[in-house]
Amino acid sequence: MIKELNNMWKARTWMKTNVPFLYSWHAYVGFELGLFDAFKRPVRVEDVADAYQLETDLLAQWVEVGLSLKHLKRDTKGRVQIARAWKLPGSKKDSPSSGDLLKEMMELHIPSLLSYPELMTEKKRHHFDSEKHGSTVAKTSTLLELLAFHLINRNVKKHNVSSILDIGCGEAGYLIKLSKKHPDVKLTGIEINQEVAESAEKATRSYDNIQIVHEDIHQYTPDQNYSYVMVNNLLHYINPEKREHFFKRLNELTEDQGIITIISPLQKARHGQQFSSAFNSFFMTFDNLYPIPSEEELNLIAENTGFRSEKPVPIIREGGWFITKWQKVSST
């Protein structure tokens, strides 16, 4: 009897612990189907189901969950509307937003983490499909750009930067922001994915000081070295055994006293350990993604590749995301 009561208590505890998941699930469904737009004003559930061509009973149940979570409210005529707009992701028209973060979590992170038992017992990994998930990841990366840009811009000013190389520049979000602030700085983005490089080139055609290069960094031979090299949200694509070789190459491309900044979640960091551990678990379910670095690993790589490392600065404390700055040690 005591064992059964103990099991029941554990079950209740887990139910309470996992209630927050309902908030995320409800917000994700609303974002994906545009339902928060549909319920901006009081409206009947049946009318929304008809207008959006949705299954009425499932929509009604989604509404019931929303009422219990206080995402939605019902008026005296039985009509429903959103109750706390500031807490909700809103419309896809507002992208990038928290809705894109929910989409990545629900469609990519959680399914991968749920496959852990199968992957462990069958001793296999998934393969990350960049074509399928690339646009979602790009949008969440844009959210990170918004938070990190002021730190990057501060480094440009502090070190009198004259040229910048963005490794894995994606669709050139950082470069476009930097061009607007610093039209006299030479900006180069290198991108190994041809489709993404073409998109970046198209987005930057009107910016005279931006050049996009479709090439592998190890084959890239610029006319001159750079005073600032950016490595943003990239290290989980590089095998830890090859990271030192990667940064040796970046040393060759960096001016004496030039700087490198690295944006990445960090293992066992002083902030956001829960999320950084979850990120690491997610990356490790794929055979072409790799564990995130620790501060100690980055410090050792910096020492071995000719850089002096500064203390990482948190960008998103709760998410365990940091920016780390290295300065190249003079060769003279």
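Let's start at Trp25, which lies in helix H2, the stretch covering residues 19-33. This tryptophan counts as partly exposed, with a relative accessibility of 31%. Together with Val19, Phe21, Leu22 and Tyr23, Trp25 makes a nonpolar surface patch of about 420 Å². Please keep in mind as you look around that this is a predicted model.

## The chain as a whole

The C-alpha trace spans about 75 × 55 × 35 Å along its principal axes. Within it are 13 helices and 10 strands. The chain has 332 residues, and 45% of them count as buried.

## A pair of strands

How are strands S3 and S4 paired, and over how many bridges? Strand S3, residues 163-167, runs alongside S4 in the parallel sense, and five bridges link the two. To find the pairing in the model, look for Leu165, whose bridge partner in S4 is Thr188.

Why is strand S4 described as largely enclosed by the rest of the structure? Strand S4 covers residues 186-190, and four of its five residues are buried, so the remainder of the structure largely encloses it. To count as buried, a residue must have under 20% relative accessible area.

Helix H8 takes in residues 130-158, and Glu131 is found in it. Glu131 has a relative accessible area of 72%, which makes it exposed.

Gly134 and Gly170 are 36 residues apart along the chain, and 9.9 Å separates their C-alpha atoms.

## Two loop residues with positive phi

Next come two residues to look for in loops. Gln53 sits in the loop that runs between helix H4 (45-52) and helix H5 (56-69). Its phi is near 55°, a positive value in a residue that is not glycine. Is Gln53 buried or exposed? At 73% relative accessibility, Gln53 counts as exposed.

Lys123 is found in the loop between helix H7 (116-122) and H8. Although Lys123 is not a glycine, it has a positive phi of about 50°. Lys123 is exposed as well, with a relative accessible area of 78%.

## Salt bridges

How many salt bridges does the count come to? The answer is 17 salt bridges.

| Side chains | N to O distance |
|---|---|
| Arg44 and Asp47 | 3.1 Å |
| Asp75 and Arg79 | 2.9 Å |
| Glu201 and Arg205 | 2.9 Å |

Each distance can be set against the cut-off, since a salt bridge needs a side-chain nitrogen of Lys or Arg within 4 Å of a carboxyl oxygen of Asp or Glu.

In the next pair, Asp75 counts as partly exposed at 24% relative accessibility, while Arg79 is partly exposed with a relative accessible area of 29%.

Glu201 has a relative accessible area of 34% and is partly exposed, whereas Arg205 is exposed, at 58%. The cut-off behind these labels is that exposed means over 50% relative accessible area, so Arg205 with its 58% falls on the exposed side.

Salt bridges can also link up through shared partners. In this model, Glu32, Lys92, Lys103 and Glu107 are joined into one network in that way.

## Looking back

Between strands S3 and S4, the parallel pairing can be traced over its five bridges.

Technical notes:
Residues are numbered from 1 along each chain as its sequence is written. This is a predicted model: local features need pLDDT of at least 70, side-chain atom pairs count only at pLDDT 80 or more; totals for chains, interfaces and linings use all residues. Side-chain values use heavy atoms; hydrogens and water are left out. Buried means under 20% relative accessible area, exposed over 50%, partly exposed in between (1.4 Å probe, protein chains only). Two strands pair if DSSP finds at least two bridges between them. Patches are made of residues with over 30% relative accessible area and no salt bridge: like charges are joined within 9 Å, nonpolar side chains (Val, Leu, Ile, Met, Phe, Trp, Tyr) within 5 Å. Accessible areas come from the Shrake-Rupley method with a 1.4 Å probe; for residues, only the protein chains shown count as cover.
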